[in-house]
Amino acid sequence: MTAWTLAPTASDWADAAALLLSARRVLLLAHVAPDADAVGSALALGLGLKGHGIEVVVSFGDEPFVLPANLTFLPGQELLLPAAKVTGEFDVAVTLDVSAIARLGNLVESAQSAAKLLVVDHHRTYTGFGDVHLVDTTAPATAVLVIRLLDECGLVLTPAIATCLYAGLLTDTGSFRYANVDADTHVIAARLHSVGIDHVHVGRSLYEDQPFAAMRLQGEAMSRTLVDFAAVSGRGMAWTIVTKSERLASGQSIDVLERVIDGLRTSVEVEVVVVFKEDDTGQWRVSTRSKGQVDVGSVCQALGGGGHLYAGGFESHDSPEVILATLRDVLAAQP
Ligand SMILES: [Mn+2]
């Protein structure tokens, strides 16, 4: 797997801004099973362009089209259109936080049929599928690249835009705890604060507000975690599995399981943790985290997904047992 290393140049930024500002109709796409960085970035850029008089549509390729409950507080949702209703011609399609074209789900064709495809991303597993690439793997979040792009376009950050971007920045930095944070990250956060955001509301909406049923489901998933200290060449792996039937019995949507991996990754005994989540269609969504010795983003890319050094994911129609065996082999082959 080759990592993307071409950081955007000054002329790339100018070209991208010119492309957007000359467009009449723009399609903004987050990845399937969207997180706050993907949707927040798409809504923020959408709000900025709409304010400039450009017609915008924001979507992601999930079917059914349901925004994770902890993202429903994000401003700009009037721009969202279900994937099945995305039709017509677009001058530009912009993908945000999307490392591989397959991550667009059922919107791959819509993206490819736009006159120009602009990619805004920070994944080192980016495959190069766009016409114009604003892909900076040193950026802690796609949201940071959107701020630069809005600046290039001469578009002003409003409180609604800043809220969307802050949500992306907060989640992709683990609330400013991850290794991708530096002084510049805090300068950017300070700028978003100065625009006027309710950071308490953002933090609570993303990480706190949830029913007891969700906590019980998370607790049960964590309590049956299995550990294999010999896996990953002796560095250790832990994993747990949550089936669709168990989850639906507790009345929860799949996004509440995001907190299971956040819990498992705090274990001191293993390098890699994995959560297998069966979605409503019976497909398995596999989330991985590492302590930084193993590049789980590359591992997940090899299995059809993508990610970063510390976090990666992929999807599969195989059984968890089959997926686990494959994953073990790929992890064992890592340097
Ligand atoms: Mn991201």
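Two residues are in contact here if their C-beta atoms, placed from the backbone, lie within 7 Å. With that in hand, take Phe-73, which touches His-201 and Ser-205, leaving aside residues up to four places away in sequence. What you're looking at is a predicted model, in which local features need pLDDT of at least 70 and side-chain atom pairs count only at pLDDT 80 or more, while totals for chains, interfaces and linings use all residues. Residues are numbered from 1 along each chain as its sequence is written.

Let's stay with Phe-73 for a moment. Phe-73 sits in the loop between S2 and S3. Those labels come from DSSP runs numbered from the N terminus: helices are H or I runs of at least four residues, and strands are E runs of at least two. Phe-73 and Leu-206 are 133 residues apart in sequence, yet their C-alpha atoms are 8.7 Å apart in space. Is Phe-73 buried, exposed or partly exposed? A residue is buried if 20 or more other C-beta atoms lie within 10 Å of its own, exposed if 12 or fewer do, and partly exposed in between. Phe-73 has 16 other C-beta atoms within 10 Å, so it is partly exposed.

Now for the sheets. Strands of a sheet pair through backbone hydrogen bonds, either parallel or antiparallel. Two strands count as paired if DSSP finds at least two bridges between them.

Have a look at strand S4 (residues 116–121), which pairs with S5 in the parallel sense over 4 bridges. Leu-118 stands opposite Val-132 in S5. On the S3 side, 5 bridges join S3 to S4, again running parallel, and Ala-93 stands opposite Leu-117 in S4. Because 5 of its 6 residues are buried, S4 is largely enclosed by the rest of the structure.

Ser-113 belongs to helix H3 (residues 108–113). With 13 C-beta neighbours inside 10 Å, Ser-113 counts as partly exposed.

Next come some helix pairs. The axes of helix H1 (residues 10–21) and H4 come within 9 Å and cross at roughly 70°. That makes H1 roughly perpendicular to H4; angles under 35 degrees count as roughly parallel, over 145 as roughly antiparallel, 65 to 115 as roughly perpendicular and the rest as oblique. Where they meet, H1 brings residues including Trp-13 and Leu-20, and H4 brings residues including Arg-148 and Leu-149. Elsewhere, helix H5 (residues 159–172) and helix H7 (residues 199–207) have axes that come within 10 Å and cross at roughly 55°. H5 and H7 are therefore oblique to each other. Their contact involves residues such as Tyr-166 of H5 and Leu-206 of H7.

What about the inside? In soluble globular proteins, nonpolar side chains tend to be buried together. A nonpolar core is a set of buried Ala, Val, Leu, Ile, Met, Phe, Trp, Tyr and Cys residues joined through C-beta atoms within 7 Å. The largest one here has 69 residues, and Leu-29 and Leu-165 have the most contacts inside it. Helix H2 (residues 36–51) gives the largest share of this core, 9 residues. Among the residues that Leu-165 touches are Gly-40, Ala-44 and Leu-192. Apart from this core lies another of 32 residues, among them Ile-241 and Phe-314.

Finally, there's an open sheet of 6 strands in the order S6-S7-S8-S9-S11-S10, with mixed pairing. Its edge strands are strand S6 (226–228) and strand S10 (306–307), each pairing on one side only. Strand S8 (residues 272–278) and strand S9 (residues 284–290) run antiparallel, joined by 7 bridges. Val-272 has Ser-290 in S9 as its bridge partner. Helix H13 (residues 320–332) lies across strand S7 (237–242), S8, S9 and strand S11 (311–316), at about 155° to S8.

Note on methods
Axes fitted to C-alpha atoms, helices over the stretch in contact; angles between N-to-C directions.
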